[in-house]
Structure formats: structure tokens, C-alpha cells
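Hi everyone, thanks for coming.

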Amino acid sequence: MLRLPRPPRQASLRAFAAAVGLLAAAAACVASALAGASPVVAATVALAAAAAVAGPGLAVPNSVGWPYRAWNRAAREYATLARRAVVLVAFAVVAAAALIGSTVRLARPADGESLWEPRDTQRASTYASLDACRERPAAGGWMAILGGWAVSAPRNAWTLALLPFVLLLDVLRTGDEDPSPPPGIYTLY
Amino acid sequence: MSAVRALARIVLAMVAGLAGLLVLLPVLALGVPFLLVGAVTRALGPRLGRPTPDWQALIAFDPVLGWRPRPRVDGRFLEARDGDFHVVTDAEGWPGRHPLDECEVVALGDSVAFGYGVDAAAAFWSRTRARVKPAAAPGYNMAQAVLLLHELAPRLRGKRVAWFVYVGNDLYDNLSPEMNGYRTPFVRWTPDDGWRIVTRHVRREPWTASRGRAGQTHLPVLAALHAPTALAERAAEACRFLIEEARAVCANAGADLVVVVVPSPLALDPGGVALLARHAEPAVAVDPRRPERMLRDACADLGVGCLLLGDHLERADFKPHDDHWTERGHRRVAALIDGLQTAPIGSGPRGA
């Protein structure tokens, strides 16, 4: 969501110029208001800033090719760092929840004791729900599935605290996370 | 687990989560401009221009050449690694609006001669003082160029043919029956016939019998062509045969042939040379100018003019993530093509 469309088509370059123009207008408006300017002056300054920033890119899209790529690089770097920070905090939340203790037996067993457990047959509804997930995505997507699982049993409920972090990781995706090579990695020359 | 423990875990996790979000707040605030600009760009993009088709929309099947550009195109096409660019083709499918019969120079070859990757107005053939007409298509190898030369021969009298040969893929593609799944004319040597151009396999159906240099094979193949290897020797023999064929066609047509050798951008950059060396067989020395010298020597032996663009271009004249020229590269090539025209027909730079 943070990255701009790649590769940059002419329409994307124009849209980028307009978007940065809007951002410049908002910044100019806020700065003018903070400086005590009247609404008319603030609006004029905002319009001028928008025109100055967006104008060249709207008229000659290729002129914002370099800023477009630079913005995309900056967005990617930011997203990478921000994802690391979010993952770090999410692990801290898990660690905090684990302070209460765990039902999973983690200690090494005593001599002659085994950690193997007999495999029980799963309820038929388990398989039905798996098929339903694959064939008919639940309304609300993965958030609804995760939320539904969290409220299905009291012992799962604490995972609701992780939902905002998973959501942030989704927002901070850059599209570079998939290590598989892109199809058709060279074109006609 | 008791209900009390579950409740305690929930409370602890919620408190930790809220604290974590507060800690992340400054980090997340930094991302707001990226989020806003990304969202507005995605929302406005489709409203500010028509969808751009991929380059495949540029070409149509041809039973002899494998493919050729579609005629009367005037629109933008997408280069997947760089962006879109404006393409104009004439009634025959060749780039530019001027007809071939009115030109002084025919730019024969592949995508570099086509002007692939830059707007038509910025391509070298739009910037020359001489009237230059490309007869080229993305992906053509040298065998396809020779077949095209045969087709155009009756219209070449008194013209100079500048044949753009791209070291980065032509040398291998000359020997391959396919290019990225497209069936292509190629050259093959047999004891009975020697070197011959083969076209009988050219059909619409994708080639599936081999994968050529696609994907992971591309760099090892390119490295082998820049070193004293059996592949490089075979490629050199094939090039010599094709240049000899082109020379004969041009001589019969009353045209002057100049081979314009385009180096791989990897050969113009120490980092690129090191990359090639990493993909070469052990104990094989990579020489970045070897293919250019091979083509120059072949041209000199055959009495054909030769211009090595490696003597004139820099890495910055090529796009960073693509083997095609930047607008600056096109300007430089335009000046060089105009320089060629100061020599009269029949006196091109002999192995210069």
C-alpha cells in the first residue's frame, strides 16, 4: 500500500505529481494557519504550492520520473524498517502474554518418559471448515478468520491483542517479500 | 487452563499491545506521507490515462520472420522494468512516420534500432539530420535481420544500411530456434550445407523443446560469449556467415552496409564485468570487449564497415535496469549516425 505502482506508466507519473501537489498544498495550508495567516491567504498559498509542485509533472510526466523512483525507494526503505519495528513489538506482546505460563510442555522429559501423545481423530467439522476457508473466503477476509478463531475459546482470546500488529504488517507490505523470481525476467531486445 | 489465568493473559496481552502501539506511534507517523501519496496515486492513476498494453501488443506473427511490428500503431506500450513509452509505426509496421523509400539510412536490427524504451520523438532516428528509417523489431536476431534485408533489397539502392547488432543477446540468439518461447529463424551448420538460415520450424505455436538462455542461463551464456570458449567460437562463425550474407544482399541491391556493434552495458561497467566473471566457467578469462573485436575483425575481413559503439557509449547511456539506451544514449547514437553520413556511400568505416 505504501509503494507506488511499478513500473511507472505516464498516468501513474501524473497521479503522483497530483498527490505530491495535494500534500504540498496541505502542508502549506497548515504552515500558513500556524503563522496566523487569514483563510484567504492560506488558501492562496496552498493553491500556489500545489501548482508549483504538481504543475511540471502534470504537464510533462517524464519530468517526475526520477522523483517517483526516489519516493518509491524511500517508501520501500521505510516499510522495511517499520515492519522490523512492528515485528519486534508484536513479539514483545507475545512474550508478555507468555508470562502467565504455557500449557505446552517445554521442559525436557525425565528418563523413560515420552512427549509423544496419541493422535485423536479430529471432528468432522474441522475438515469442513478448512474446505470452507479455501473455497469460500470468509466475509471480512483473514482478519475475520483470525478474529473468529480468537473468540472461539477463552484461551485464544489474548491473540486479539496481536490483530493491530498483523494489520500493520499487511499495510507495510512492499511486494518484495515474495522471494520467487518474477515470470518472464527479460523482454525482447 | 483456568478462566482466571485466561483472563489474566488477555489483560496482560492487551496492556502490552496498547503500550506497543504507543511505542510504534512515532514510527507509524513517519509513514503517513507514503500512505497518502500511494493511495492518491493509485486512485487517480486510472483516471489520468488509458491503460498501457504490454509490449506483446506491438507485434504480430509473421510466417518468415517469426514476428513483425503491427502497422499504424500510435500509442504507449509498457516496458516492464522501466515504464511506458510512445511507439509510432508506419503502414508497414516500421517505427516512425516517414516511408522507407524516402530515407537515406536504413537502421536494421532489433529493439535498439526500433527505439524500444524511449518515446518515438526521443529515438536516435528522430534526432538525426540524415533521414533514418528503422526496419527493426524487438527481439530480432541477426538471421531475422538478414531475411528482412532480402525482403527490402529491391528498395535499398543508394541507401546506407546501418545494421545494429546487440552483443547482449544477438550472438546467442542467432544459434537458437526460439527466443523466450517465440519461434525464430536461426542459423545451423551441417557438414553437407555449411551454415544455413533455418525457418521451417517457424509457426505461431510456442516453442517448448528447449528453453534457450531464458532465466538463470542468460548470464552464464553472456559470460561464455565474452571469453575464449567453444560457444564464442561458434557464435563468431555464425556472425561471419550472416555478415557475409548481408554484404552480398547489399552489394546486389546497390546499398552500403555498416555494422553498428552495440555492447552489453555490463561490458562498460567494472561491476558488470565482475558479474560476468562470476558467471564464467572457472579458469576462463572474461574479456569485456571480446565480442566487439570479433565482429570488427569479421567486418574487416569481409570489407564491411563497422562502428563499435563501445568506443563511444558509457554505462550511463544505458538504462539502469534494462539493456536499452537512455535518451542521452539515443542522442549520442544520433550524432554517430550523422557522422557516418559524412562518408560517401561505398566508403563506410572499414573496420574502424
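Two housekeeping notes. This is a predicted model, where local features need pLDDT of at least 70 and side-chain atom pairs count only at pLDDT 80 or more, while totals for chains, interfaces and linings use all residues. Residues are numbered from 1 along each chain as its sequence is written, chains are lettered from A and ligands numbered from 1 in the order in which they are written, and side-chain values use heavy atoms, with hydrogens and water left out.

Okay, chain B. You'll find 11 helices and 13 strands in it; helices here are DSSP runs of H or I with at least four residues, strands are runs of E with at least two, and both are numbered from the N terminus. Chain B has 352 residues, and 54% of them count as buried. Buried means under 20% relative accessible area, exposed means over 50%, and partly exposed is in between, using a 1.4 Å probe and protein chains only. Now take the contacts in chain B with a separation of 6 or more: 69% of them join residues 24 or more positions apart. By contact I mean heavy atoms within 4.5 Å.

So how much area do chain B and chain A bury between them? About 4,900 Å², with 72% of it on carbon and sulfur atoms. That's the accessible area (1.4 Å probe) the two parts lose on being put together, summed over both. On the chain B side, Arg9(B), Phe34(B) and Val37(B) lose the most area to chain A, together 15% of what that side buries. The contact takes 61 residues from chain B and 53 from chain A.

What about polar links? Six residue pairs are in polar contact across the interface, both partners at pLDDT 80 or more. A polar contact is a pair of N or O atoms within 3.5 Å; within protein, one must be able to donate a hydrogen and the other to accept it, and residues adjacent in sequence count only if both atoms are side-chain atoms. Among the elements of chain B that each supply at least two residues to its touching side are helix H1 (3-30) and strand E3 (74-79). H1(B) gives the largest share of that side, 16 residues.

Next, a pair inside chain B. Val249(B) lies in helix H8, residues 230-253, and is buried at a relative accessible area of 7%.

Now helix H7 of chain B, residues 218-225. Six of its eight residues are buried, including Val221(B) and Leu222(B). The buried residues of H7(B) pack against helices H6 (170-173), H8, H9 (270-279) and H10 (290-302) of chain B.

Last stop, chain A. Asn72(A) sits in helix H3, residues 65-98, and counts as buried at 6% relative accessibility. Beyond neighbours within four places in sequence, Asn72(A) is in contact with Arg3(A), Leu4(A), Pro5(A) and Arg6(A).
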